Each structure stands twice: as structure tokens, then as C-alpha cells.
Amino acid sequence: MTDLGKESGLMEERAWKGKSIEEEERPDPAEDAENRLRAVAYRIVPDESAKKRIMEGVKAGKRKGRRLTPRIPAAVFAACLLLSLFCFARPGVIGEDVVVYAATEEHGWQKLVEGERILLKKEPYQTLEEGEEAFEDNGRSTYYPYICTFRVEVPENYVYDKQMVIIRDDDILEFGDRLEWWVAPERPEDAGRIMQGAFRLWIVDENRERQAALELELTKEDGKCYAELRRVWESKAYKRSQHKK
Amino acid sequence: MLEKRTDSPDQSVEAVFQEFGNMLYRIAFVMMKNAFDAEDVVQDTLIKYMEHRERGKTFETEEHRKAWLIRVDINLCKNRLRFYKNHPKIGMDQLSRYYEEKEDTRLMDSLLLLPSRYREILLLHYVEGYQGKEIAQMLGISESAVRKRLERGRGKLRDLLEETE
């Protein structure tokens with residue numbers, strides 16, 4: 001593709017527009033702008049200091065954000081997760097120090113309690129621009145008309161990592177102590193179906209040792225969004241440190 | 001698919017940056033509309049490239065490598081855009097670094113005002129010279145969607161240029 005440039009692009013453009021090459025001979029000022037795009041865009045280059053910063057960052061293996069990306073196959077990752085849960089598992093009460101609140105229509109910020117499913121507040125989020133469609137040709141949607149919000153409180157000196165989750169076209173994202181569930185429109189073929197996903201949070205200490213884990217079960221049903229706190233597991237080390245206090 | 005088990009000799013990250021760095025930066029700049037995010041995206045793309053190599057994956061040809069890099073670069077831009085609810089419009093000061101001619105600034109400014117779905121298609125087609133089929137494969141969308149977006153993007157670009165005339 002090295003020689004694929006303006007020329008081949010124009011040939012295809014002609015075909016797409018259904019115009020003959022003869023017709024194209026007449027200069028069109030607007031089209032001239034498109035043809036100039038290449039030359040204009042090619043002037044955007046990183047300067048030497050930017051190049052240096054990029055390579056320094058690459059060499060340092062710098063990563064943005066706090067997400068832990070598993071670099072092992074999913075099956076091995078799942079097995080390790082199950083094993084670690086088995087080791088640390090203690091089906092018990094919710095740790096007092098780890099609290100999740102959800103924005104609700106009826107009660108404002110509502111604390112999630114294990115086993116209790118609550119109806120979330122769906123706030124308007126994105127709007128479609130004129131001429132844009134909610135669904136792509138492949139049936140997916142990257143447009144989010146609604147958003148549901150959660151707040152997470154963790155003990156001092158602890159942070160949390162998460163397991164990314166999507167529910168169909170929806171995204172669940174983390175912004176520090178705030179979680180956002182970006183709700184996409186329901187696909188026509190999903191009408192009447194219940195969509196569900198589990199969002200896991202792991203509370204880790206400053207040494208990245210996992211201390212607790214909790215799971216939010218997120219459900220979409222009849223256009224409504226629900227959340228339920230499923231489980232909290234706490235490590236023995238965490239229990240010991242709490243006991244010493 | 002794109003990843004194959006044969007490879008061309010020099011595929012170090014430095015060599016890749018040398019060869020494709022400007023292109024990756026250009027795409028990221030147009031998508032993100034600012035130099036700071038563009039730098040970060042290029043950096044993350046190269047880190048992903050290193051990880052890809054560490055997993056023992058290689059590319060059949062230079063073109064496969066280039067297409068893979070563009071795909072990762074654009075996906076990282078999209079991920080980042082998702083996180084910016086109200087991503088700022090590019091300031092003229094950042095564009096003026098590259099352009100002296102008013103017409104050039106106006107053209108690039110108009111391109112940056114387009115929604116990202118049109119911007120990426122126009123960029124890949126007119127600037128990087130990719131065909132509809134290749135763009136479709138790269139972005140994981142149908143060829144007809146590429147065609148439609150190119151048409152709409154072109155129309156919107158012309159409208160914007162006329163408005164600012």
C-alpha cells in the first residue's frame with residue numbers, strides 16, 4: 001500500500017460517486033480541498049522534543065491509568081481468579097469500609113446492600129447529531145443516550161482495580177472513585193431479553209496485594225437498569241489489619 | 001488475519017517509530033485534536049506493539065504491520081475520546097504551529113470539526129491513501145459503511161468550508 005496515495009483514492013472516489021473520469025476533468029474547488037488534505041495533513045509531525053518524550057515513555061513502559069491489563073490467556077486468568085477467590089473466599093458480610101453508592105431516582109445516592117437489587121437513575125447523556133444513526137451497519141451502537149452513576153468509598157491507603165466489563169453495547173467505566181455505566185440503546189433483536197453483567201472491583205493495598213473483592217451485578221430489563229451487590233471477599237491479611245486497629 | 005508467523009528483519013520499536021511515527025502522530029493528532037493526547041496515544045500504540053512482539057507475534061509484510069499499527073492507534077484514540085465527555089476543540093495556537101497559509105489552517109480546522117467517525121475515514125482515505133475495503137477491514141465495519149461515511153464526511157467538510165469562506 002506504500003504507493004496508495006491521492007491518485008488511487010481519487011480513482012475510487014470517482015467510482016463511488018458514479019462519475020466518469022471525463023466529468024471529473026472539470027475542476028471543482030471543493031474537491032480541490034479534499035485533494036489538498038494530504039499535503040496539509042502531512043505537515044503535522046511531532047517535533048524533536050515530542051519524539052524524545054514518546055520514546056522515553058515507550059522505553060519506560062509507561063502506562064496510563066490504573067487498569068491492570070491481564071497479559072495471560074483468559075482461561076488461565078479465570079483459573080487464577082477462581083483459585084484466589086477460593087483461597088480468600090469467605091462468604092460473609094459486607095466490609096464496613098468498602099461502600100458503594102448508586103444514584104437512584106427515588107432516594108438520591110443509595111448505599112448498596114448485599115442481595116438487594118435497586119433501580120438506578122438513568123440520566124440523559126449523549127444525543128445524536130443530525131444525520132447520525134444510533135446503530136452502526138454491523139448492528140452495534142457506540143452511542144450512549146443514558147448514564148447510571150456509582151460512587152465507591154474505600155479505606156484510606158487502599159485503592160481499587162477493576163475488571164472491565166461490557167454488557168452488549170454498554171460500557172462500564174471507572175473514573176477514580178466514580179463508576180459510570182454508559183447505557184446504549186437496546187438492539188431490536190434484544191427486545192424482551194434481560195441483559196446482565198458482573199462488574200468486579202478488587203480492593204488492593206499500597207503493595208497491590210488484593211484485600212477484598214466485590215461484585216456488582218448489573219441488569220438491564222425492560223429498558224430499566226438495576227444493580228445488586230453480590231459478594232465481598234476479604235483476605236485474612238485485611239481482617240488481621242482491621243483487628244489490630 | 002493480519003498477524004502471521006513470518007516477519008521482516010528489523011521490527012524493533014525504534015525502527016517502527018522511525019518509519020511510522022509521523023503517520024501515527026498525524027492520525028492521533030487529527031483524532032484527538034491536540035498534541036498532548038496525540039503523543040500519549042503514539043506512546044501507547046508503541047507499547048502495545050512491544051507487547052505484541054513479546055508474545056511472539058509477527059507480521060507477514062510491512063503493510064500488515066502498518067495496518068495493525070493504524071488500527072491500534074485509532075482504537076486507542078477512540079478509547080480515550082470515550083473518556084473525555086467534553087473533549088476540547090483544538091486551539092488555533094496548536095494548529096498554527098504547522099500552517100502559515102490561512103487556507104491550510106481553515107481546511108484542517110474544518111476537518112477537525114467533523115465528528116470522529118467521518119474524520120477517521122477521510123484521514124485514512126485522502127491522507128493515508130487506503131481503499132474502502134482496507135479501511136473497512138481496519139475499522140471492523142462494512143465497506144458500505146465506509147462509503148457512506150466518506151460521502152457524508154465529504155459533504156460535511158464542504159459545508160464547513162463554505163460556511164467559513
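Here's a short chat about a predicted model, covering a hairpin in chain A and the helices of chain B.

Biologist: In strand 9 of chain A, which residue is the bridge partner of Ile172(A)?

Modeller: Strand 8 (residues 170-175) of chain A pairs with strand 9 (residues 178-183) of chain A in the antiparallel sense, over five bridges. In strand 9, the bridge partner of Ile172(A) is Trp181(A).

Biologist: And which residue in the turn of that hairpin has a positive phi?

Modeller: Strands 8 and 9 of chain A form the hairpin with two residues between them. A positive phi, about 65°, turns up in the turn at Gly176(A).

Biologist: How many residues of strand 8 of chain A are buried?

Modeller: Buried means under 20% relative accessible area. Strand 8 is mostly covered, and of its six residues the buried ones number five.

Biologist: Over to chain B: how many helices and strands has it got?

Modeller: Along the sequence the pattern reads β-α-α-β-α-α-α-α-α-α. So, with helices and strands taken as DSSP runs, chain B has two strands and eight helices.

Biologist: What is the angle between helix 6 and helix 8 of chain B, and how do they sit relative to each other?

Modeller: Helix 6 (residues 116-127) and helix 8 (residues 143-163) of chain B pack with their axes 9 Å apart, at an angle of about 100°. Angles of 65 to 115 degrees count as roughly perpendicular, so helix 6 of chain B is, relative to helix 8 of chain B, roughly perpendicular.

Biologist: How many charged residues does that contact have?

Modeller: Arg117(B) and Glu120(B) of helix 6 are among the residues making it, as are Arg149(B) and Lys156(B) of helix 8. By class, the contact has seven nonpolar residues, two polar ones and, for charged, six.

Key: Residues numbered from 1 in each chain as written. Chains lettered and ligands numbered in written order. Predicted model: local features only at pLDDT ≥ 70, side-chain atom pairs only at ≥ 80, totals over all residues. Heavy atoms only, no water. Buried < 20%, exposed > 50% of the residue type's maximum accessible area, 1.4 Å probe, protein only. Helix = DSSP H or I, 4+ residues; strand = E, 2+ residues; numbered from the N terminus. Pairing = 2+ DSSP bridges. Axes fitted to C-alpha atoms, helices over the stretch in contact; angles between N-to-C directions. Parallel < 35°, antiparallel > 145°, perpendicular 65-115°, else oblique. Contact = heavy atoms within 4.5 Å. Nonpolar A, V, L, I, M, F, W, Y, C, P; charged D, E, K, R; others polar.
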